[in-house]
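Here are some exercises to work through with the structure open beside you. Try each task before reading its solution.

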Amino acid sequence: MKKLGLIASLGIFICFVMGTGIILSVSTEEPQIELEKLLLDDETFQTILQFYQYDIDIPLDPIVIKRSEAEGYTFEVIAFHGADDLLVPGYFAVPKKGTPPYPCILQLHGMTLSKEQWWGEDSWHKGPPLSPKLLENGFAVLAIDYPLHGERGILNGYENTAQMLFRKRMIYKFRNMVINGVIDSRRALDYLEGREEIDPTRIGVIGSSIGGTMSLLLTGVDSRIKVTTALVSPTLIRPIFEGQPEISSIAPYNFVRAFKRRPILMLSL
């Protein structure tokens with residue numbers, strides 16, 4: 001996992017420098033699927049996109065809960081109103097080196113985890129966290145808790161969200177969590193556009209596990225994402241969801257047509 005974090009950091013840097021092309025991890029164990037077979041027709045794709053729309057007139061009303069100075073960067077605990085008008089908590093940090101406006105990476109955590117995943121020494125990275133590495137290289141970072149996770153876990157009774165994958169009649173709750181997480185991520189992009197330290201034309205996303213899936217979905221529904229890194233991202237095809245059309249609106253392969261030529265790095269173990 002430590003290697004994944006370092007490779008992800010390097011991949012983000014390369015993608016921003018190069019600016020074009022798509023980087024994909026390719027398995028040699030199975031034949032590659034023809035791209036044309038993954039593309040939805042226009043009408044179906046536009047229907048799926050409607051799941052991810054939101055009322056842009058709902059005010060963000062952002063707040064800075066706490067600000068502190070660390071070696072090399074300024075760290076803030078922030079919150080803003082998501083699309084359902086509930087507060088979305090986050091960690092926002094800006095490097096002290098270089099000259100603003102800075103490029104920024106939105107960070108989406110794995111299932112059952114939280115925004116702290118990107119900072120804690122005992123996090124999934126099992127080594128130096130990715131966030132300080134990005135800050136050292138001149139990137140600002142924003143990590144948020146998506147629905148039912150972290151500080152927002154109270155709305156799920158702090159129950160382990162992985163249970164949704166294995167219990168009957170939980171598929172819609174899981175689907176709605178992912179969709180609402182992507183919508184809140186779009187609100188996070190709105191938030192970043194309001195920060196004068198950030199260059200809104202250089203915003204990327206990195207996600208791990210279900211956060212990796214959400215990073216691909218976000219790339220497909222919002223052109224403000226310029227580069228994407230998805231770590232061990234579930235495709236939501238199998239084995240759990242095979243033959244379940246209920247999840248077609250959150251299956252990354254249905255968004256391939258919208259990726260255009262934006263850089264995408266996919267890393268899997």
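There are 5 helices and 8 strands in the chain, where helices (H or I, at least four residues) and strands (E, at least two) are DSSP runs numbered from the N terminus. This is a predicted model, in which local features need pLDDT of at least 70, side-chain atom pairs count only at pLDDT 80 or more, and totals for chains, interfaces and linings use all residues. Residues are numbered from 1 along each chain as its sequence is written, and side-chain values use heavy atoms, with hydrogens and water left out.

**Exercise 1. Get an overview of the chain.**

Step 1: Read along the sequence and write down the pattern, which is α-α-β-β-β-β-α-β-α-β-α-β-β.
Step 2: Look at burial, where buried means under 20% relative accessible area, exposed over 50%, and partly exposed in between (1.4 Å probe, protein chains only). Of the 269 residues in the chain, 53% are buried.
Step 3: Turn to contacts, meaning heavy atoms within 4.5 Å. Among contacts with a separation of 6 or more, 71% are between residues 24 or more positions apart.

**Exercise 2. Which residues have the most contacts inside the largest nonpolar core?**

Step 1: Recall that a nonpolar core is a set of buried Ala, Val, Leu, Ile, Met, Phe, Trp, Tyr and Cys residues joined through side-chain atoms within 4.5 Å.
Step 2: The largest one has 51 residues, and Tyr 52, Leu 142, Leu 192 and Phe 255 have the most contacts inside it. Helix 4 (residues 171-193) gives the most to this core, with 11 residues.
Step 3: Apart from it lies another core of 18 residues, including Trp 118 and Phe 139.
Step 4: Click on Leu 142; beyond four places in sequence, its contacts include Ile 78, Tyr 91, Ala 188 and Leu 192.

**Exercise 3. How many aromatic pairs does a search of the whole structure find?**

Step 1: Apply the rule: rings of Phe, Tyr and Trp (its six-membered ring) pair if their centres lie within 6.5 Å, with planes under 30 degrees apart counted as stacked, over 60 as edge-to-face and the rest as tilted. The search finds 7 aromatic pairs.
Step 2: Phe 45 and Phe 255 have ring centres 6.1 Å apart and planes at 75°, so this pair is edge-to-face. It links helix 2 (residues 42-49) with the loop between strand 7 (225-231) and strand 8 (264-267), 210 residues apart. Both Phe 45 and Phe 255 are buried.
Step 3: Phe 75 and Tyr 91 form a tilted pair, 5.1 Å centre to centre with 55° between the planes. Phe 75 is in strand 2 (residues 73-81) and Tyr 91 in strand 3 (residues 87-95).
Step 4: Ring pairs link Tyr 73, Phe 75, Tyr 91 and Trp 119 into a cluster.
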